[in-house]
Amino acid sequence: MTFDLHCACAEETLRNPDPETASKLVQSNPAASREVLQAVRANEKALAEAWAAFGRRHASPPSSPKLKSLLDALEQPPAGLQPLPPFSGLLRFKFKLARPVLTKDDRAFYFLDNPVRKDAAFGRPVFAASSWKGCLRAAFRSLYGDTRQSSELRLFGSRKNDTEGSDADRLRGRLVFFSTHWSSVGTYVINPHDRQKKTGMPIYYETIPEGAEAWYAVLYCSWNSQTLPREQSAAEATEDLSGVAAAVEHQFLLQGFGAKTSSGFGLARDVVTSGTFQMKKSTSEIIAKKFTTLSGAAAEAAKAMEGLV
């Protein structure tokens, strides 16, 4: 789509500023340029409504059964520990948002100034595995500070500036994270006021809306348990997994994830579905405990680890 066509759509929107007409600009090319945005700034409310409707249609469940099965397979995290070494663990559940989630996409041109991050293949909202790692590490340090430095190093590995020398000197963490995918897109307006003029300056954000559901999973792989005494491996796994369960609860219910968490964004509801904690005690024994609330995950994890030490 050329810039001339962008301008033609903008002029038509200015002449007839209603959501249906404004949606023509969106449907012709969602990645509209910032120049066109300036041309239609007077009708940004109508355009935002049209863009929200377009986003809901774009993120709606696919009609093709094969594509739907593929997306379902990508969204659901792994559910078993059979191929992993002893003292590995898996925490997984499906949660619902209590507050919208704000993330930032890295695309250069978009209809809104603040688009939510989406995967490149399907264009659906995604929270990257690397982002989950950073959020959980922050929650872990918020809970324990410097009192569990050895456990933090085992779980998350070395930071970039923790060690001197080559990459071979850095320690790999035992936690494995998985990206979370959503199937809905929403919009949110923040309206800060100018202190001198006392007038509002609305800022439009694309969000993952309140009430959206998605899967979360974190895998603990005790990859060096075979080289350590059993008692030491069991003690480390007990300390690490108890800390992870408490940090996950803190992250979802109190700290939040994504952007603007200090303003209350990125929180989840306490009630979850399909919540399970699995612990591999030996090569042939896997203990699984179910939970229905995030506040009860740590207690079920403790039950699964009874008798390890």
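Guide: Gladly, and one definition comes first: helices (H or I, at least four residues) and strands (E, at least two) are DSSP runs, numbered from the N terminus. This is a predicted model, so local features need pLDDT of at least 70 and side-chain atom pairs count only at pLDDT 80 or more, while totals for chains, interfaces and linings use all residues. Residues are numbered from 1 along each chain as its sequence is written, and side-chain values use heavy atoms, with hydrogens and water left out.

Visitor: How many helices and strands does the chain have?

Guide: The chain has nine helices and nine strands.

Visitor: Let's start with a residue. Where is serine 88 found, and why is serine 88 called buried?

Guide: Serine 88 sits in the loop between α5 and β1. Buried means under 20% relative accessible area, exposed means over 50%, and partly exposed is in between (1.4 Å probe, protein chains only). Serine 88 has a relative accessible area of 0%, so it is buried.

Visitor: What does serine 88 touch?

Guide: Contact means heavy atoms within 4.5 Å. Not counting residues up to four places away in sequence, serine 88 touches Leu81, Tyr220, Cys221, Ser222, Gln278, Met279 and Lys280.

Visitor: What makes the pairing of the serine 88 side chain with the backbone oxygen of proline 85 a polar contact?

Guide: A polar contact is a pair of N or O atoms within 3.5 Å; within protein, one must be able to donate a hydrogen and the other to accept it, and residues adjacent in sequence count only if both atoms are side-chain atoms. A polar atom of the serine 88 side chain lies 2.8 Å from the backbone oxygen of proline 85. The serine 88 side chain also reaches the backbone nitrogen of serine 222, at 3.4 Å.

Visitor: Which loop holds phenylalanine 87, and is phenylalanine 87 buried or exposed?

Guide: Phenylalanine 87 is in the loop between α5 (65–75) and β1 (89–96). Its relative accessibility is 4%, so phenylalanine 87 counts as buried. Phenylalanine 87 also has a positive phi of about 70°, although it is not a glycine.

Visitor: How do you know that lysine 260 is partly exposed?

Guide: Lysine 260 has 37% relative accessibility, and therefore counts as partly exposed. Lysine 260 lies in the loop between α8 (230–255) and β8 (271–280). Phi of lysine 260 is near 55°, a positive value in a residue other than glycine.

Visitor: Now the helices. At what angle do α6 and α7 pack?

Guide: Axes are lines fitted to C-alpha atoms, for helices over the stretch in contact, and angles run from 0 to 180 degrees between N-to-C directions. Helix α6 (residues 129–144) and helix α7 (residues 149–156) pack at about 170°, with their axes 11 Å apart. That makes α6 roughly antiparallel to α7: angles under 35 degrees count as roughly parallel, over 145 as roughly antiparallel, 65 to 115 as roughly perpendicular and the rest as oblique. From α6 the contact uses Lys133, Leu136, Arg137, Phe140 and Arg141, and from α7 Ser151, Glu152, Leu155 and Phe156.

Visitor: What angle do the axes of α7 and α8 make?

Guide: The axes of α7 and α8 cross at roughly 80° and come within 10 Å. That makes α7 roughly perpendicular to α8. Ser151, Arg154 and Leu155 of α7 meet Glu236, Glu239, Asp240 and Val244 of α8. By class, this contact of α7 with α8 has two nonpolar, one polar and four charged residues (Ala, Val, Leu, Ile, Met, Phe, Trp, Tyr, Cys and Pro count as nonpolar, Asp, Glu, Lys and Arg as charged, and the others, Gly among them, as polar).

Visitor: Which residues are buried in α7, and what do they pack against?

Guide: Ser151, Glu152, Arg154, Leu155 and Phe156 of α7 are buried. The buried residues of α7 pack against α6, β3 (175–177), β7 (213–220) and α8. Glycine 157 follows α7, and its phi is positive, near 80°.

Visitor: Why is aspartate 105 called buried, and aspartate 113 partly exposed?

Guide: Aspartate 105 is buried because its relative accessible area is 8%. Aspartate 113 has 34%, so it is partly exposed. Aspartate 105 is in the loop between β1 and β2, and aspartate 113 is in the loop between β1 and β2 (126–127).
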